[in-house]
Amino acid sequence: MSLLALEDALIAATAAALGSAVRAVESLPGDWDDEMLNRLLRAAPGALVSFLGGQRLTTGGDSEARIEARWAVYLVTNHASGEAARRRGDAMQPGCYELIVRLVPALHGRALAPGATLSLLDVQNLYTGSVERKGLTVYALQFSHPMTFALGAPDGLDDFLRLHTAWDVPPHTPARHPQWLVGDDTNAAPDARDRVALPAA
C-alpha cells in the first residue's frame, strides 16, 4: 500500500471516529512555525495527520524493503474560556481529552492495509508558550504501522513533460540566480538556454 493510500486511509478512519466533533480532518506537512500554528487555529477543533518517517525492519530479504512507519494525529482545540476548557471541553465544544478517548480505541489495532495494523506508541501534550499565545491546546497521538516497499517496481511516476535550463559559463554570479529561477534575465542573459517540451503520452 502506498504512502498516499495509507495517509488517505488514516484520515478517513480519523474522520469517521471523530465525526461532527471536529471541524476538519486533513494532512499536515509538520513544520512547527507561526504559519503552521495559524493553520491549526483555523482547523480547531480538528485533527491533522502527518507521516513522520519510519525505521527499517530487517525482515523481507532482498525482494522488498520494510519500515515501521510512524504516523501522528495532532488533535487541536481552542476555547474562549482558556486552557483548561480546551483540554476538558464543555457542553458546547469538545476538549482534547474527549477527542483522545474517542480516537485511541478507534485507531489502535485498526487494519489500514492487509495484514498490517496501527499500534499506539504514545500520546504527547505539545503545550508551549507559542501554542498558548495562539489560544490552542495540541496533543499528538503517535502510531506505528508496518509498510512494505516492493523493490524494482515502478511507482507510477509520470514522465516529465517540460525542461527549462539556463546556462552560464563561467558559473553565474549569486545575484543572477534568484532572478533566473523566476525567468527574469533582463539584467544579464544566460550564455545558452535549453527548452524541451515532450509530447504527452
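Author: A residue is called buried when its relative accessible area is under 20%, exposed when it is over 50%, and partly exposed in between, using a 1.4 Å probe and protein chains only. The model is predicted, so local features need pLDDT of at least 70 and side-chain atom pairs count only at pLDDT 80 or more, while totals for chains, interfaces and linings use all residues. Residues are numbered from 1 along each chain as its sequence is written, and side-chain values use heavy atoms, with hydrogens and water left out.

Helices (H or I, at least four residues) and strands (E, at least two) are DSSP runs, numbered from the N terminus.

The buried residues of α4 are Cys96, Leu99, Ile100, Leu103, Val104 and Leu107. These residues lie on the same side of α4, because they cover an arc of only 120° around the axis; the arc is that of the directions from the helix axis to the C-beta atoms. An α-helix has 3.6 residues a turn, so residues three or four places apart point the same way. Val101 and Pro105 are exposed, on the face of α4 turned away from its buried side. After α4 comes Gly109, with a positive phi near 85°.

From the buried side one may turn to the core. A nonpolar core is a set of buried Ala, Val, Leu, Ile, Met, Phe, Trp, Tyr and Cys residues joined through side-chain atoms within 4.5 Å. The largest such core has 29 residues, and Leu103 and Leu107 are among those with the most contacts inside it, as are Leu10, Leu18, Val73, Leu75 and Leu141. Besides α4, the elements that give two or more residues to this core are α1 (3-18), β2 (46-57), β3 (64-78), β4 (111-113) and β7 (136-150). Another core, of 16 residues, lies apart from it and includes Leu40, Ala44, Tyr74 and Val76.

Not counting residues up to four places away in sequence, Val73 touches Leu103 and Leu107, and its other partners include Leu10, Ala47, Val49, Tyr139, Leu141 and Phe143; contact means heavy atoms within 4.5 Å.
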